[in-house]
Amino acid sequence: MSTAPMSPATWVRHNLFRNRRDAITTVIAAVVVGWVVFQTLRFVFGTARWEVVRANLTLFLVGRYPADEQWRIVAVLIAAAAVAGLVTGVLTKRRRRAAIADDAPLPPLPFARRLGLIGARYWPALVLLLVLLLLARTSTPWVVAGAVIVAAVVGRLVGGALPPKVGIVLYALPVVLPFVALPFLTGPLGWDDWGGMMLTILLATVSMIACFPLGLLLALGRRSTLPALRGLSIGVIEFFRGVPLVALVLMSDVGLGFFFPRDALPGRVVRVTIAFTIFTAAYVAEIVRGGLQSVPRGQTEAAQALGLPPVRMMALVVLPQALRNVIPALVGQFISLFKDTTLVFIIGFLDVLSVADNVIQQPDFRGQGLFAESLVFAAALFWVGAYTLSRESQRIERRLGVGSR
Amino acid sequence: MTEPADARDEGSEGAVFADATVVGGSGDVMIEVFGVDKFFGDFQALKGIDLSVGRQEVIVVIGPSGSGKSTLIRCINRLEKHDHGSIVVDGVELSDDIRAIQAIRRETGMVFQSFNLFPHLTVLDNITLAPRQVRKMPRQEAEALAMELLARVRIPEQARKHPGQLSGGQQQRVAIARALAMQPKVMLFDEPTSALDPEMINEVLDVMKELAREGMTMIVVTHEMGFAREVADRVVFMAEGQIVEVGTPEHFFTRPAEERTKLFLSQIL
């Protein structure tokens, strides 16, 4: 890449039409891309009949959750947004402090610039939100979106104002909150009544949060010198990696009843979440183990020579380097998990994809060939989630990569 | 610290120590290695090593590669486990007891050929990690100590950088500061200049010379004969897992007794 600024004409000549072969490639690629973009735009804004999505927007978002009780889901969303804002606020403040300690204070950015950065970071989610709001027929979604954003902003401001010592308590919040607040918020209804996009998000988020520590423990267990612990870890990892996820999903729903008394079992959503969690944890364990192996022996030797006890050596020297090395693989696994949650359709859950499949069978829309509309919409929801995960992981990588080898 | 290095050399001038257990330095014994064997599988890396190191003594270990020099000093802080014999550091005998191992590691600093700085931490955090975690030193005190040590190794301005941003010579000096931050009684150097570009070797050797002058007990595995001649109280020549010859630098570089020593010196000088 040349560093000198180029005029647009020079840039085009230099990058697109340097010689005959480049020119041909450029033209062919342009034609293909142009055709695809044209067809897509024509579909989205022209031929597509979005009425099927519009009429079923609620179904897509929350499944068959009773209308009278939907405020509970809204409350969950607001609480989640507030916690996310709070954690972000605390982390940002901590990062600023660290930067000041390192004599490289981050200059405070003007408000407009910060908004711009947030926009650039979350544009797919923001565009999706806008589309949803425009598709909505009532004003309720606008109010909900507004309340969620306000909750996030308030959380962020409160988080930024908290004294730094509170930080440790905050780490527990996102983990504890679902277990304490959700059952209360869901009231007479259980998690089993969740559906649509909210169910997908619920399954994916809880599994992601829970599978990481479990996978970490399995990875450490597999490297343990205690034969019993190592054997148990290897057993769990190899069993759950060796079984198809579909089988685990089915097993969690119907199979467990053959081994355990039905009354003793948690609800269906909880069971299938555990299945996703353990399945993914087995993969996370192997990814983390690979990361542990990538840390040179000299690092542990240096830590040992300094007299660091084993647990601290692992926590302060080995794991930070190991995890940094495997962020791309970990996020890949998380994205995979996010999309694999669609498998719950086989046990009759109404997640986004099942909704997309069901709505075209409704009397109003049956036989009109609306697969494309409803599937494109469902796919867009997934893509926004997966792409955001991927972008965030790249941000983390960049931040941790500062000054690395 | 008690006496200048020059005074220490007097009296031992030109003396030959046929026995490696005769101690130089200030007189009392800091490290006692007795009858140590070390096997890697069927290969015997150390064969009945006897060596005593006095307080404030500087021992330079030389010898061809594969002669067991590194293995010897790695046994002293239990990075390798010796199979027979005994190793006593400052009155504590190395055993399988984790407390004994930790006690010895706390008193023993080590500098590696490949630096082994922690790449995810800043220079300052590299140095303060062990004092804060092992010695439970408060952060401010640890950082003040770290800055003092960085000034001693002449790179205080690099404190906030990451190891990856430093030259090899600077990294090795940080590694020395990191080891010193635990205020060890013994420093082990495992070929500290072998991975360095030639122009950076001296900046590291200078720091080591200063350390020796201040009275640190040191065992240095190195190929730097100039350093051995200038700083060592005794030079130990090892080959094939055994100590072949021990003596003052003066003895070593003018009239070595053993054929193998002569051969080795003729090859490298």
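Contact here means heavy atoms within 4.5 Å. Keep that in mind on this tour of a predicted model.

**Stop 1: A:G291**

Select A:G291. It sits in helix α12 of chain A, residues 268-294. Show what surrounds A:G291. Leaving aside residues up to four places away in sequence, A:G291 touches A:A322 and A:V326. The relative accessible area of A:G291 is 1%, so this glycine counts as buried.

A:G291 and A:P163 are 128 residues apart along the chain. Draw a line between their C-alpha atoms: the separation is 35 Å.

**Stop 2: A:Q333**

Move to A:Q333, in helix α14 of chain A. Is A:Q333 buried or exposed? A:Q333 counts as buried, because its relative accessibility is 16% and the cut-off for buried is under 20%. Not counting residues up to four places away in sequence, they are A:T280, A:Y283, A:V284 and A:I287.

**Stop 3: the domains of chain A**

Step back and colour chain A by domain. Domain 1 covers 8-47, domain 2 covers 68-188 and domain 3 covers 194-405.

**Stop 4: the nonpolar cores**

Nonpolar side chains tend to be buried together in soluble globular proteins. Look for that here. The largest nonpolar core has 116 residues. Select A:W194, B:I31, B:V33 and B:I219, the residues with the most contacts inside this core. Then select helix α14 of chain A, residues 310-340. This helix gives the core its largest share, 13 residues. Domain 2 and domain 3 of chain A each supply at least three residues to this core.

Go on to a second, separate core. It has 53 residues. Pick out some of its members: B:A146, B:A159, B:L211 and B:M225 are among them.

**Stop 5: where the chains meet**

The size of an interface is often given as the accessible area lost when the parts come together. Between chain A and chain B, the buried area is about 2,200 Å². Carbon and sulfur atoms give 58% of that area.

How many salt bridges are there between chain A and chain B? The count is 1. Select A:E301 and B:R74, whose side chains meet in a salt bridge at 2.6 Å, N to O. A:E301 lies in helix α13 of chain A (residues 297-305) and B:R74 in helix α2 of chain B (residues 69-76), so the pair joins two chains. A:E301 is buried, at 8% relative accessible area. B:R74 is buried too, at 11%.

**Stop 6: other salt bridges**

Side chains of opposite charge can pair when their charged atoms come close. Over all chains, the count comes to 30 salt bridges.

Select B:K185 and B:D90. The closest N and O atoms of this salt bridge are 2.8 Å apart. The pair links distant parts of the chain, 95 residues apart. B:K185 is in the loop between α6 (168-180) and β7 (186-190) of chain B. B:D90 is in the loop between β4 (84-89) and β5 (92-93) of chain B. B:K185 is partly exposed at 36% relative accessibility, and B:D90 is partly exposed at 24%.

Next, select B:K262 and B:E259. Their side chains form a salt bridge at 3.5 Å, N to O. Both residues lie in helix α10 of chain B, residues 259-268. They are 3 residues apart, about one turn of the helix. B:K262 counts as partly exposed, at 36%, whereas B:E259 is exposed, at 58%.

Return to chain A for a network. Select A:R222, A:E238, A:R241, A:E286 and A:R289, which are joined by salt bridges that share partners.

**Stop 7: cysteines**

Select A:C211: it is buried, with a relative accessible area of 0%. Select B:C75: it is also buried, at 0%. How many disulfides are there over all chains? The count comes to 0.

Note on methods. Residues are numbered from 1 along each chain as its sequence is written. Chains are lettered from A and ligands numbered from 1 in the order in which they are written. This is a predicted model: local features need pLDDT of at least 70, side-chain atom pairs count only at pLDDT 80 or more; totals for chains, interfaces and linings use all residues. Side-chain values use heavy atoms; hydrogens and water are left out. Domain bounds come from an automatic or database domain assignment. A disulfide is a pair of cysteine sulfur atoms within 2.5 Å. Buried means under 20% relative accessible area, exposed over 50%, partly exposed in between (1.4 Å probe, protein chains only). A nonpolar core is a set of buried Ala, Val, Leu, Ile, Met, Phe, Trp, Tyr and Cys residues joined through side-chain atoms within 4.5 Å. Helices (H or I, at least four residues) and strands (E, at least two) are DSSP runs, numbered from the N terminus. Buried area is the accessible area (1.4 Å probe) that two parts lose on being put together, summed over both. A salt bridge is a side-chain nitrogen of Lys or Arg within 4 Å of a carboxyl oxygen of Asp or Glu.
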